[in-house]
Amino acid sequence: MHKRTNRLVVAALLVAAGIAGGFFVFAAHVKSAAALASGSEISVRLDRMIATAGDIASAQQAYVAPGQPDQPWRERSAALLQQFADDAAAVRPHLRSADAARVVEDIGRGLRTLLTIDSNARQDLQDAQNLLAADLIFSQGRDTVSSLIGTIRGLKTAEQQTSTSQYASLERQQGIVLGSVATIWIMGLMLLTPGAGSAAAVATPTQPAFLTIQTEHAGEPATAINLTAAADVCTSLARISDTAALPEVLERAAAVLDARGIIVWMGAGEELFPALAYGYDDHFISRLGPIPRNAENATADAWRSGKMRTVAGDGLTHGAVATPLAGMSGCVGVFAAEVRHGRENDLATQAVAVMIAAQLASIVSAWPAGSSVAPAEITNSGLIAASGGA
């Protein structure tokens, strides 16, 4: 960007993108909170209806039982039936599941059946037909209450699933918007910032470059990175709902970064463990083992500092880029790529690595296990998703 006007336009677009993204994320957060609150309120109402149905059955059985004063139990039964009808009417406008309307109609029919049974039992009692009343309550009445309770429990489950689905959808939307805004800002800052070299280090041929110490290195500029392909990788990561799809996306990310291999390291306690990998076989990954937090290499340094670290390549070894995975509670891991052809010194490659790491941070999470988990146990548990050859 050589003209001041163009730089101002880019800056204005960045500010506008940030403001628009912030408003969207705030609105989505409000909707998420409302969805959770509504789902909780519906569950409470449905639980109360289940409890009321059980109390109705107990009251009806009590007023037909021999030796019981029937008048208090008749009054309680009538009050409970009215309470059940009121709760059913109150909860209906808040239901969101697909079959809610049909289920509410089923509940209404069950309530009407229960009212008819109650009326008939009272009439039998007035006619001194106590056995008929008891048979009606303990057979049809009990079956009707059991059916009502089962229907309400099914409705509660459907509502909880709907609430969870809505919340997850809103959270995914927030992640996509945040990733898009971050991508726009990185691209804009690349246009606004003059080119500069990056710090790196000399790697040894016996281990990946990202496990060596960072030092200064000038390096040769890399060829232009394919930003369209990089955007496609970020979009694919934003749409991932199952970690089983990550290896294929990592393969595409390696192609964009011109990387010989990629490892996603996740923090557990005071160590980093390889959680996802591309370009290395399982045997090679198992030999790496965990990385202590205080280790003297670029990956551990990126984890400690929360900043990107690069390692220089030479004629015999590849270079590397180690980018922290920044979560809500801090740095949860490191995205490490062993790159070729001097890519570690290319600002565009570094920016794309940051974009990919930002998307990965919203998908993977830190392991709950402590650092006592052995590398072999990690590999056998399926946390390693490696593909390609070492």
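**Overview**

The secondary structure of the chain consists of ten helices and six strands. The model is a predicted one. Of the 390 residues in the chain, 44% are buried. The accessible surface comes to about 19,500 Å², and carbon and sulfur atoms account for 57% of that area. Among contacts with a separation of 6 or more, 70% are between residues 24 or more positions apart.

**Nonpolar cores**

- The largest nonpolar core holds 38 residues, and the members that touch the most others are Leu-257, Leu-325, Phe-335 and Ile-356.
- At least two residues of this core come from each of helix 5 (227-239), helix 6 (246-257), strand 1 (259-268), strand 2 (271-278), strand 5 (319-327), strand 6 (330-339) and helix 9 (347-361).
- Helix 9 supplies the largest share of this core, with nine residues.
- As a general background, nonpolar side chains in soluble globular proteins tend to be buried together.

**Nonpolar surface patch**

- Val-15, Ile-19 and Phe-23 make up a nonpolar patch on the surface, and their accessible area together is about 310 Å².
- Ile-19 belongs to helix 1 (residues 4-64).
- Ile-19 counts as partly exposed because its relative accessibility is 46%, which lies between the limits of 20% for buried and 50% for exposed.

- Six strands form an open sheet in the order 3-2-1-6-5-4, and the pairing is antiparallel.
- Strand 3 (291-292) and strand 4 (309-311) stand at the edges; each has a single partner strand, so one side of each has no neighbour in the sheet.
- Strand 1 is joined to strand 2 by seven bridges, and these two strands run antiparallel.
- Within this pairing, Trp-265 stands opposite Pro-274 of strand 2.
- Strand 1 is also joined to strand 6 by seven bridges, again in an antiparallel arrangement.
- Ala-259 has Val-339 of strand 6 as its bridge partner.
- Strand 1 is mostly covered, with nine of its ten residues buried.
- Strand 1 and strand 2 form a hairpin with two residues between the strands, and Gly-269 takes a positive phi near 65° there.

**Positive phi in residues other than glycine**

- Most residues other than glycine have a negative phi.
- Ala-128 has a positive phi, near 65°, and is placed in the loop between helix 3 (100-126) and helix 4 (130-192).
- Ala-128 is classed as exposed because its relative accessible area is 59%, where the limit for this class is over 50%.
- His-341 likewise has a positive phi, near 60°, and is placed in the loop between strand 6 and helix 9.
- With a relative accessibility of 63%, His-341 counts as exposed.

**Salt bridges**

- The structure holds 15 salt bridges.
- Asp-55 and Arg-76 form a salt bridge in which the closest N and O atoms are 3.9 Å apart.
- Asp-55 is in helix 1 and Arg-76 is in helix 2 (residues 70-91), so this pair ties together parts that are 21 residues apart in sequence.
- Both partners are partly exposed: Asp-55 has a relative accessibility of 31%, and Arg-76 has a relative accessible area of 39%.
- Asp-99 and Arg-102 meet through their side chains in a salt bridge with an N to O distance of 3.9 Å.
- Asp-99 is partly exposed at 44% relative accessibility, and Arg-102 is partly exposed with a relative accessible area of 48%.
- Asp-99 and Arg-102 also take part in a network of salt bridges that includes Asp-106 and Arg-109.
- Asp-301 and Arg-304 form a salt bridge whose closest N and O atoms are 3.8 Å apart.
- Asp-301 and Arg-304 are separated by about one helical turn because they are three residues apart in helix 8 (residues 298-305).
- Arg-304 is partly exposed, with a relative accessible area of 33%.

Note on methods
Residues numbered from 1 in each chain as written. Predicted model: local features only at pLDDT ≥ 70, side-chain atom pairs only at ≥ 80, totals over all residues. Heavy atoms only, no water. Helix = DSSP H or I, 4+ residues; strand = E, 2+ residues; numbered from the N terminus. Buried < 20%, exposed > 50% of the residue type's maximum accessible area, 1.4 Å probe, protein only. Contact = heavy atoms within 4.5 Å. Areas by Shrake-Rupley, 256 points an atom, 1.4 Å probe, with all protein chains shown as cover. Core = buried A, V, L, I, M, F, W, Y, C linked by side-chain atoms within 4.5 Å. Patch = residues over 30% accessible without salt bridge, like charges linked within 9 Å, V, L, I, M, F, W, Y side chains within 5 Å. Salt bridge = Lys/Arg side-chain N within 4 Å of Asp/Glu carboxyl O. Pairing = 2+ DSSP bridges.
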